[in-house]
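Dear colleague,

Please find the structure below, followed by a short account of what was found in it.

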Amino acid sequence: MRNPYLSRKRTERRNNLEESNQNRRGLLIVNTGEGKGKTTAALGVVFRALGRGKKCGVVQFIKGKWETGERKFAKTIPELDFHVMGLGFTWESDDLDRDKTAAKQAWELSKKMILSGEYDIVVLDEITYAFHYGWLEVDETVRILRERPSQVHVIITGRNCPEPILQQADLISEIRSVKHPFQSGIKAQIGIDF
Ligand code: ATP
Ligand code: MG
């Protein structure tokens, strides 16, 4: 007769061993697509990782009109470095050069954070827009991602992620919009959208 207790112990031991032996390395994770959940899924991983004592950094490449819940909450968590660097949505902006400069500054900071090896996870939120508007070069980003310390996880969010980044990614989730309250005229809501 199999002793279920012993068998569970054996499985546990094997799992622990597998975990320590695993060929673990930092992942490049991309959350893209038209549906809602790209940024919030990235922040969900940060939430999880903070619970494991990991050091996390977030750089937001777009700053909307509103203060967001995540920014307010981040200020209360010392282990989380949260930077809002972008200036505005282009369609609201009166000065594209200023937006470009802001995007470049955001990238310089992101690069430092990624290459320092100090962070377990770095989130580049909405960086894809900066490629779309030609503010950042995809090739340079791909090169830095390739050169990063091997244990560093990077999460990229935003619609229309450029192909070279997708090719390099280990995990790509494309979020499809099936229904959105916006289509029924329901506006963005505090705590859900910002
Ligand atoms: P979230 O930050 O909520 O995870 P996201 O990062 O996937 O959203 P973004 O493209 O950054 O999406 O847009 C953020 C805002 O746009 C949110 O307020 C969200 O509700 C809204 N939004 C996202 N997807 C759609 C959609 N398919 N139709 C209309 N509005 C959307
Ligand atoms: Mg987003």
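Which exposed residues does the face of helix 2 turned away from its buried side carry? They are F47, R48 and G51. Exposed means over 50% relative accessible area, buried under 20% and partly exposed in between, with a 1.4 Å probe and protein chains only. Helices are DSSP runs of H or I with at least four residues, strands runs of E with at least two, and both are numbered from the N terminus.

This is a predicted model, in which local features need pLDDT of at least 70 and side-chain atom pairs count only at pLDDT 80 or more, while totals for chains, interfaces and linings use all residues. Residues are numbered from 1 along each chain as its sequence is written, chains are lettered from A and ligands numbered from 1 in the order in which they are written, and side-chain values use heavy atoms, leaving out hydrogens and water.

The buried residues of helix 2 are K38, T39, A42, L43, V46 and A49. Seen down the helix axis, they fall within an arc of 125° (taken from the directions from the axis to the C-beta atoms), so they line one face of helix 2. Among the elements they pack against are strand 1 (28–32), helix 3 (69–74) and strand 5 (153–157). After helix 2 comes G53, with a positive phi near 75°.

Notes: Contact = heavy atoms within 4.5 Å.
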